[in-house]
Amino acid sequence: MLLRELDSNMKHYIKVYIRILRINFSEFKAYRVNMFNTFISSTTWGIFAIVGPLLLTSNVTMVVGWKREELLILAAIQSILIGIFDCLFARSLSRLPLYVERGQLDSYLIKPLNDQFLISLHKINYGSLLRSMIGIFFLVYLVNAYKIHVTGLGLVFGVITLLMGLLSLYAIWFISMTLTLWFTRLSNISDLLYTLRGISRYPEQIMKEVSIYVFILFFPLAIVVARPTALLLNKMDNNVILVSFIFTAILLYASHRVWLFALRSYTSASS
Amino acid sequence: MKKYIQITKNTWDEALIYRTSFIFYRVRELLKLFSLYFLWYFVTSQNKDFFGYDQSGIITYLLISTFVGDFIYSTRTTAIASEINEGILTNFLLRPLSYLKYYFARDLADKALNVLFALGEYAIFFSLLHPPFIFQTNPISLMIFVASVLLGVILYYFISVLISLIGFWSNEGWGPRFIFYQTIGFISGSLFPLDVLPKSVFAILELLPFPYLIFFQTKIYQGQLSGSDIGRGFLILIIWIGIMCGITMWAWKKGLHVYTAQGR
């Protein structure tokens with residue numbers, strides 16, 4: 001009975017999410033100039049994200065144990081991850097401070113749906129997928145150009161840890177945006193998060209070299225992209241998958257608990 | 001003149017009232033500095049010669065270009081486009097002040113605040129990390145460096161205003177503006193020294209205004225330009241200021257002809 005209920009709930013949420021995707025796609029098509037602008041910005045981000053590491057590694061063969069082509073693959077995978085994250089979550093989460101400030105959060109809280117689900121997924125930015133596509137194209141090019149041997153298992157583990165990295169990044173982002181429920185003036189916290197997110201393009205070994213405290217502080221961001229890349233390139237032991245899974249699960253649970261705790265402070269002022 | 005001084009003071013006060021946003025912005029800039037520094041530090045640790053730059057040379061370039069960038073790139077003029085689109089510009093056109101001078105006064109306050117905070121951040125940065133930084137001790141070089149930065153401020157002001165004036169012709173011009181800002185950041189030398197690029201590419205870039213925002217100033221600080229190079233650079237910089245000023249004033253007048261005060 002419980003399983004049937006869970007199954008029916010899941011189907012319901014899937015239907016709702018498909019509807020959200022369709023509405024956002026219609027909106028995306030309707031505002032053509034905005035669509036064009038989004039494509040431009042995604043392409044620009046995608047290109048600069050790759051040109052930077054290309055230039056940086058043009059005169060080096062290895063940095064902290066990572067070869068040049070491996071660093072470029074790291075940049076490509078970061079582009080893929082960021083493109084997907086921006087598509088699915090960034091736009092929705094960046095609106096949370098605005099909803100809190102204007103008391104518009106009420107309209108999401110009173111709906112007969114999980115509010116974290118709704119807040120996190122109601123806005124989709126299709127244009128960002130272009131950045132992911134540039135990343136995929138560059139990744140395929142690098143694998144062929146440098147004749148990198150990618151095993152089937154490495155690919156599967158890489159994709160799994162990339163998904164876990166995506167969920168970890170979401171949880172970190174969501175927890176940070178939830179702070180605006182207490183501190184309404186932190187409206188530009190998302191700008192800070194974009195900068196922090198940039199740290200994920202560097203190998204985690206760089207942070208370890210700097211200081212163990214820096215590594216611990218930025219650990220979640222350090223592993224979001226670096227671990228999937230390392231697994232794809234067989235640079236890491238496969239048992240890190242279990243560690244990543246546990247870590248992601250903890251972060252997701254924490255995001256849910258923090259959200260519920262923060263809602264107690266929401267006063268719906270000026271709604 | 002008094003009204004513009006008052007505008008500068010008001011902008012300063014306004015920034016300090018919304019302290020949290022400003023502090024977050026500075027924390028973000030500090031994080032960017034740290035991450036760039038560590039990346040270049042490790043790249044140059046492995047490879048002692050990066051296109052003719054040793055580790056201290058590249059770190060000095062990075063730190064100075066970031067500091068100069070903090071000064072030159074901090075601007076309020078990005079709000080011009082939305083003020084045009086929302087019709088808020090009308091309020092300023094009715095007032096006895098020049099809209100462009102108004103924004104220049106606001107920019108001065110913004111830059112002063114950013115530099116003040118940047119100095120504090122750099123003090124923290126240096127005390128924590130003791131980076132391999134080369135201090136310029138020649139007073140003449142320092143004076144020329146300051147002069148070049150001030151001219152860079154004026155040049156960037158006109159470039160930024162010109163980009164924002166797209167608002168007269170388009171409500172949704174943020175895409176081209178975004179790509180323009182990203183490109184300027186890349187070809188001004190704020191991310192890497194431009195002379196690592198192929199000579200032919202560098203020769204073309206030298207004729208454009210963008211290297212004279214960050215790259216030229218940083219090279220003066222590092223004492224890596226000869227007297228004739230500095231003279232030529234200043235000449236190109238002043239010419240570009242004149243060109244950008246002319247284009248901006250022309251675009252401003254053309255824009256006012258088509259301005260419909262939509263939203264008011």
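This note sets out points on chain A and chain B of a predicted model.

1. Overall make-up of chain A. The secondary structure of chain A consists of twelve helices and two strands. Read from the N terminus, the order of elements is α-α-β-β-α-α-α-α-α-α-α-α-α-α. The radius of gyration of chain A is 20 Å, close to the 18 Å given by the globule rule for 271 residues, so chain A is as compact as a globular protein of that length.

2. Extent and surface of chain A. Along the principal axes, the C-alpha atoms of chain A fill a box of roughly 55 × 45 × 40 Å. The accessible surface of the chain is about 13,500 Å², and 67% of this belongs to carbon and sulfur atoms. Of its 271 residues, 51% count as buried.

3. Contacts along the sequence of chain A. If contacts between residues at least 6 apart in sequence are taken, 80% of them join residues at least 24 apart.

4. Packing of H3(A) and H8(A). Two packed helices are described by the angle between their axes and the distance between the axes. Helix H3 (residues 68-94) of chain A and helix H8 (residues 152-178) of chain A pack at about 35°, with 10 Å between their axes. The crossing of H3(A) and H8(A) is right-handed. On the side of H3(A), the residues making the contact include Ile77(A), Ile80(A), Phe85(A), Phe89(A) and Ser94(A). On the side of H8(A), Leu162(A), Gly165(A), Tyr170(A), Trp173(A) and Met177(A) are among them. By class, the residues of this contact comprise 15 nonpolar, two polar and no charged.

5. Arg227(A). This residue lies in helix H11 (residues 212-232) of chain A. Is Arg227(A) buried or exposed? Its relative accessible area is 9%, under the 20% cut-off, and Arg227(A) therefore counts as buried. Leaving out residues up to four places away in sequence, Arg227(A) touches Thr161(A), Glu204(A), Phe219(A), Met236(A), Val240(A) and Ser244(A).

6. Phe92(B). In chain B, helix H5 (residues 89-93) contains Phe92(B). Phe92(B) counts as buried because its relative accessibility is 8%. Which residues does Phe92(B) contact, leaving aside neighbours within four places in sequence? They are Glu83(B), Leu97(B), Tyr99(B) and Tyr102(B). From Phe92(B) to Ile64(B), the separation is 28 residues in sequence and 37 Å in space, C-alpha to C-alpha.

Note on methods: Residues numbered from 1 in each chain as written. Chains lettered and ligands numbered in written order. Predicted model: local features only at pLDDT ≥ 70, side-chain atom pairs only at ≥ 80, totals over all residues. Heavy atoms only, no water. Axes fitted to C-alpha atoms, helices over the stretch in contact; angles between N-to-C directions. Helix = DSSP H or I, 4+ residues; strand = E, 2+ residues; numbered from the N terminus. Left-handed = near helix turned anticlockwise from the far one by under 90°. Contact = heavy atoms within 4.5 Å. Nonpolar A, V, L, I, M, F, W, Y, C, P; charged D, E, K, R; others polar. Buried < 20%, exposed > 50% of the residue type's maximum accessible area, 1.4 Å probe, protein only. Rg over C-alpha atoms; globule rule 2.2 N^0.38 Å. Areas by Shrake-Rupley, 256 points an atom, 1.4 Å probe, with all protein chains shown as cover.
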